[in-house]
Amino acid sequence: MLITISMLWEKLNSLENTLKDIQAKHIAQSFEEVSLGKTAKMLKLGQDSVISLVNKGDLKARKYRDSKHKVRYRFRLADIKEYQESCFKVPVNYNTVEVEDAHSMALRLRKRIVGV
């Protein structure tokens, strides 16, 4: 059997799409939580901005006090994904925190400011 490059390419794309679907289903059903710092990196916001979103009710979080009575926050991955999809229309990469390129950042900010 002769395997061509295009056949390999199609198979690779199919596998990538399958993995993305599995990851999306896992995140939607996951109870995995991350810290305030990791959430801020994922959303590309400062920690104070994330806390502000929680206080306004825009982003769900579990608040608790540690042994020194300091308020801590934990965020479910599903809640982060839901918030980001509803507000920014930018997909979250849950494996690594990537830097958004300048062009897509400019388009996103323009849409938020101008409403285009």
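The legends below describe close-up views of a predicted model.

**View 1. Overall layout of the chain and confidence of the prediction.** The secondary structure of the chain comprises 5 helices and 3 strands, where helices (H or I, at least four residues) and strands (E, at least two) are DSSP runs numbered from the N terminus. Read from the N terminus, the elements follow the order α-β-α-α-β-β-α-α. The mean pLDDT (the predictor's confidence in each residue, from 0 to 100) is 81 for the chain, with 80% of its residues at 70 or more. Confidence is highest in helix 3, at a mean of 95, and lowest in helix 5 (residues 102-114), at 75. Residues are numbered from 1 along each chain as its sequence is written, and side-chain values use heavy atoms, leaving out hydrogens and water. In this predicted model, local features need pLDDT of at least 70 and side-chain atom pairs count only at pLDDT 80 or more, whereas totals for chains, interfaces and linings use all residues.

**View 2. Packing of helix 2 against helix 3.** Helix 2 (residues 36-43) packs on helix 3 (residues 47-56) at an angle of about 95 degrees, and their axes are 9 Å apart; axes are lines fitted to C-alpha atoms, for helices over the stretch in contact, and angles run from 0 to 180 degrees between N-to-C directions. The two helices are therefore roughly perpendicular to each other, a label that covers angles of 65 to 115 degrees. Leu36, Gly37, Thr39 and Ala40 of helix 2 are in contact (heavy atoms within 4.5 Å) with Gln47, Val50 and Ile51 of helix 3.

View 3. Threonine 39, a residue of helix 2, is buried with a relative accessible area of 0%, buried meaning under 20% relative accessible area (1.4 Å probe, protein chains only). A polar atom of the threonine 39 side chain lies 2.8 Å from the backbone oxygen of serine 35. When neighbours within four places in sequence are left aside, threonine 39 is in contact with Val34, Val50, Leu59, Phe75 and Ile80.

**View 4. Leucine 77 and valine 34.** Leucine 77 belongs to helix 4 (residues 77-87) and is buried, its relative accessible area being 7%. The C-alpha atom of leucine 77 is separated by 7.1 Å from that of valine 34, although these residues are 43 residues apart along the chain. For the chain, residues 24 or more positions apart account for 48% of the contacts with a separation of 6 or more, and 23% of the 116 residues count as buried.

Technical notes. Parallel < 35°, antiparallel > 145°, perpendicular 65-115°, else oblique. Buried < 20%, exposed > 50% of the residue type's maximum accessible area, 1.4 Å probe, protein only. Polar contact = N/O pair within 3.5 Å; in protein donor to acceptor, adjacent residues only side chain to side chain.
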